[in-house]
Amino acid sequence: MTEPQIEIQLIAAVVAIACAIPGVFLVLRKMALISDAISHSILPGIVIGFFITHDLNSPLLIILAAITGILTVVLVEAIQSTGLVKEDTAIGLVFPALFSVGVILIAKNANDVHLDVDAVLLGELAFAPFDRLLIDGIDFGPKSLWVMGVVLLISLVLLFLFFKELKVSTFDAGLSSALGISPIIMHYGLMSVSSITIVGAFEAVGAILVVALMIAPAATAYLLTEDLKKMLGLSVLFGVVAAILGYWSAHWLDASISGSMTTVLGIIFLLTYLFAPRKGLISVLYRQRQQRTEVSLITFLLHLNNHQEKEERHINHLQEHINWQRVRSKTVVDLAERNNMITIEEGVVSLTKKGLEFTELALEYIITNRDEKIEHMKDDFFLFRG
Amino acid sequence: MKEQQPAIQVDDLTVAYNYKPVLWDIDLTVPEGVLMAIVGPNGAGKSTLIKAILGIIDPIAGSVAIYGKPYKEQRKLVGYVPQKGSVDWDFPTTAVDVVLMGTYGKLGWIKRPGKKEKKEALEALEKVGMLSFKNRQISQLSGGQQQRVFLARALVQDAAIYFMDEPFQGVDATTEIAIINILKELRKAGKTVVVVHHDLQTVPEYFDWVTFLNVKKIATGPVKDIFNDDNLTKTYGINYKVAINK
């Protein structure tokens, strides 16, 4: 690996981590779309900042753009609070308006500034190593690595200090407010960090892809864990994996680095969506199938319990008596037999002692919904897992 | 000082959403140590009253005093059980972690809960019969269990006054009994408890104090004196008869 290659991957990874952290809270607060809005509406802030400083990495530019980001949130909330339109409509009204101001500003001054709409939308990581941080002629590495490094550091320090506040205000804003942890302060704090992160990541990955870096890792992690800290950890991990795999696939395909990173994130999400242990599509379908079988099993056992007469319990007649739906009767009878709940003698099915106990317990649970009695059954039967 | 002051004093409280008043000029005095139900039809402003007292929403007029001082100075004396439906139970966290949130108020900003808080949280879970579920993901709990987790969270707040927003809403028998036991225990300990309540039948059984509310305050006082058909009719607007036990 050459030095620029290492630097690009390093920048990509730092950008991905910095985006993933606020992304987790945006996803949990159901505010993913706000990141999309901010990423577009900061454009006028960047353009004006660029006119003044002629440097995409200048702190003034970042602050100006972040202020535009906060302005977006304020405007969206102001329009929404009129009660005339819903939040999604308000977002759809605000960010294109601000974005177009930025586009016009660029077009009017195209001759003077080195900034074009393509770069704004997609960014270009490959050029990042060329812009160096030089102090007294000494090379301290790429400027954007320093910018994103500082953004990430701010994000990490705030996350560490205010983890508990972020958690409670995200989960239960009412309690948070009653406890004196103002959800409004937390909201605007998160919005500020998100804005600064988006501005910082902007040059590297552009206005469209930065949204994917914020939302995709968090959405993927959400499917895999039910612990906030692990969700943060996994999001960071997915971000880094996407940065490195994305870089190398871009290398092989001779394609855009940011585009490849986002594609990798998309693939990771798709795989997780399909194969996640509990929330994944396949697991959900399997569970539903299993539940259908188990409902049929209980119907079957109840029928046996209710009928002493032999003709009602004959294996050949069971099908019509119970009117099986969707589940094959053989599956159910096999399941019952495998669990020693029934015995079959000369084609007549009888409940065993275990089968009888199970039926009564299941019946009681269905009627009373009292969980504690069926705790020990939860490992064996999906039906009782809630 | 406490003996002299009412637990909760509300004066001329008016709350409006989009300039439409949902609470109108409420005066309310709640003495220390009562178990009070707030009853009224849907949209009467019952939850809003609690939220306004707790400073979650800003009133357009009026004031609230907890033991004679503004709520902001008395936060640590107050515990809160919000409506169960007000939060997203798919949030990635466990039962004990939710209970720990009740300690955040006393901890203040930045400081994290430690061993002492963890112990209190586990004790509270035990009180509501949920200790064995301590590490269960909250999405995996039944509705009643989630309500008991909320109750445990309020208990670790170790408050003098508790506000509970419809704790009996849609809960199973086990949870209802658990809540009643907690209410009794709180009363025995001399706490003041304010509960938004829907089931009029159980008011005389569970509570000793009641407030009738329908945008305006209709009546407030001891259940045995004012829980009658007259006030029910005034509150619910129809000729309301309820079979009052005893």
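Analyst: Happy to, keeping in mind that this model is predicted. F163(B) and I8(B) are the residues with the most contacts inside the largest nonpolar core, a set of 171 residues. The element that gives the most to this core belongs to chain A: helix α10, residues 183-224, with 19 residues. Apart from this core lies another, of 15 residues, including L301(A), V332(A), V333(A) and L335(A).

Staying with α10(A), let's see how a neighbour in the chain packs on it. Helix α2 of chain A, residues 32-41, meets α10(A) at an angle of about 85°, and their axes are 8 Å apart. The two helices are therefore roughly perpendicular. On the α2(A) side, the contact is made by A32(A), I34(A), S35(A), D36(A), I38(A), S39(A) and H40(A). On the α10(A) side, the residues are M191(A), S195(A), I198(A), F202(A), A207(A), I208(A), V210(A), V211(A), M214(A) and I215(A). By class, this contact has twelve nonpolar, four polar and one charged residues.

One more helix of chain A is worth a look. In α3(A), residues 43-53, the buried residues are L43(A), P44(A), G45(A), I46(A), V47(A), G49(A) and F50(A). Just after α3(A) comes H54(A), with a positive phi of about 55°.

How values were computed: Residues are numbered from 1 along each chain as its sequence is written. Chains are lettered from A and ligands numbered from 1 in the order in which they are written. This is a predicted model: local features need pLDDT of at least 70, side-chain atom pairs count only at pLDDT 80 or more; totals for chains, interfaces and linings use all residues. Side-chain values use heavy atoms; hydrogens and water are left out. A nonpolar core is a set of buried Ala, Val, Leu, Ile, Met, Phe, Trp, Tyr and Cys residues joined through side-chain atoms within 4.5 Å. Buried means under 20% relative accessible area, exposed over 50%, partly exposed in between (1.4 Å probe, protein chains only). Helices (H or I, at least four residues) and strands (E, at least two) are DSSP runs, numbered from the N terminus. Axes are lines fitted to C-alpha atoms, for helices over the stretch in contact, and angles run from 0 to 180 degrees between N-to-C directions. Angles under 35 degrees count as roughly parallel, over 145 as roughly antiparallel, 65 to 115 as roughly perpendicular and the rest as oblique. Contact means heavy atoms within 4.5 Å. Ala, Val, Leu, Ile, Met, Phe, Trp, Tyr, Cys and Pro count as nonpolar, Asp, Glu, Lys and Arg as charged, and the others, Gly among them, as polar.
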